Amino acid sequence: MIEIKDKKDCVGCTACAGICPKKCIQMQPDEEGFLYPVVDKSRCVECNACNMVCPIQSPVTEEEKQQKAYLVQHCDEKVRLDSSAGGAFSAIATVVLQRGGVVFGAAYDENFHVQHTYVEAVNELKRFRNSKYVQSDLGDSFCLVKDFLQKDRWVCFSGTPCQIEGLSRFLRKPYEKLVLVDVVCHGIPSPLIWNKYLEYQEQSFPNPDNIRFRDKFYGYKYSTMSIIQNGKNVYHAGSQLDPMLRAFFSDTCDRPSCYECSFKKRYRVSDFTIWDCFSVYDFDKKLDDDKGTTRVLCHSQKAASLMQEVMKYARCEEVSADKLVAGVKEMFESVPMNPKRTVFLVDAVKLSGKELFEKYYPVTNKVKVKTAIRKVLLVTGIYGTMKKCLNRVRGR
């Protein structure tokens, strides 16, 4: 049976729970808000299926393969604006939906909890647009994917690299009509901290229409956390001011497995790997319009073939795969654990959202000054130039 002795050895992908023939494994949250498998030992028959599909216990060996690489910008400017980057996933998903398929991704429920679900119409893809820096609840998504595939439906599934490898292990064989899309991942924050943030913002902005982690209020190069209420953008704050973004980028609330991630690699089991391209000017200055561009790395012939149809919906410029991945730290390196992580998450259980964030991420005069300076740089147009220089110094 599956036993989690060290929490860094579980990514919460649900493959073990989904494969169990006796359905005796349930995903339950721990004190930090992350889901882990809990086994009803009285019903377990020791078939070992759970261990065989675990992407940590039964890892996939990385194999070098030929890759194609693209810069992608969706042709529909509204889709591109609503997307975190260039809208590549919407274009890929549209191709699958046009073939009568279904598309899985992370979306909010009615209470802004992040969960995986599926859609069957192009106008529903908006649920998946924009990043959600929270570990999604996969529920029974893996089983649903298998059911659709067995009914000979096309299926597009997007997720973090660990979720994609978990699904691949769960399915145990390739499917011609399955399209796997992984997103280059910084780390996966705790749903507990997200709930504390919702509680914190509820005091000032009750019953919002939407909450956007990567809103392009100031443009693509300086995206903000935004809250939409009654159709208006009533709150927008960047990574130096918003407490949820500050917690995320300071690595105080990631899943333990994120600090020793086994899925940071170039050659992946997915068909597509997608991520931001802030430095698009290093590839093609004409594409640098501050509206968003996605890097797309194709790992399979299936992906390369689908890209020909993606071009109906997006501008796609083929580039060198080596250049596309060069200097992409998030693709190859795990995030460092913040020394305050343990006490932060312990306090998260005891404190209110307001108390928690004001204790660890107070809005000091220093924070206010840095925020004001950034806004001046944005208004004057200097910010983009400075960021380019900084990225080049960092080798990005």
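A residue counts as buried under 20% relative accessible area, as exposed over 50% and as partly exposed in between (1.4 Å probe, protein chains only). The model is predicted, so local features need pLDDT of at least 70 and side-chain atom pairs count only at pLDDT 80 or more, while totals for chains, interfaces and linings use all residues. Residues are numbered from 1 along each chain as its sequence is written, and side-chain values use heavy atoms, with hydrogens and water left out.

**Aromatic rings**

Select Tyr 108 and Phe 112, which are both buried. The structure holds 23 aromatic pairs; rings of Phe, Tyr and Trp (its six-membered ring) pair if their centres lie within 6.5 Å, and planes under 30 degrees apart count as stacked, over 60 as edge-to-face and the rest as tilted. Tyr 108 and Phe 112 form an edge-to-face pair, at 5.1 Å centre to centre and 70° between the planes.

Next, select Tyr 133 and Phe 249. Their ring centres are 6.2 Å apart and their planes stand at 85°, so this pair is edge-to-face. Tyr 133 lies in the loop between strand 5 (114-119) and helix 5 (141-150), and Phe 249 in helix 8 (residues 243-249), so the pair ties together parts that are 116 residues apart in sequence. Helices (H or I, at least four residues) and strands (E, at least two) are DSSP runs, numbered from the N terminus. Tyr 133 is buried, with a relative accessible area of 14%, whereas Phe 249 is partly exposed, at 43%.

**Charges over rings**

Select Lys 132: its charged end sits over the ring of Tyr 108, 5.6 Å from the centre. Such a charge has NZ of Lys or CZ of Arg within 6 Å of the ring centre and within 35 degrees of the ring normal. Lys 7 lies over the face of Tyr 36, at 5.1 Å from the ring centre.

**Helix 7 and helix 13**

Turn to Ile 193, Lys 196, Tyr 197, Glu 199 and Tyr 200 in helix 7, which meet Gly 353, Lys 354, Leu 356 and Phe 357 in helix 13; contact means heavy atoms within 4.5 Å.

**Val 234**

Finally, select Val 234 in strand 10 (residues 232-237). Val 234 is partly exposed, with a relative accessible area of 33%. Leaving aside neighbours within four places in sequence, Val 234 is in contact with Phe 205, Ile 227 and Gln 229.
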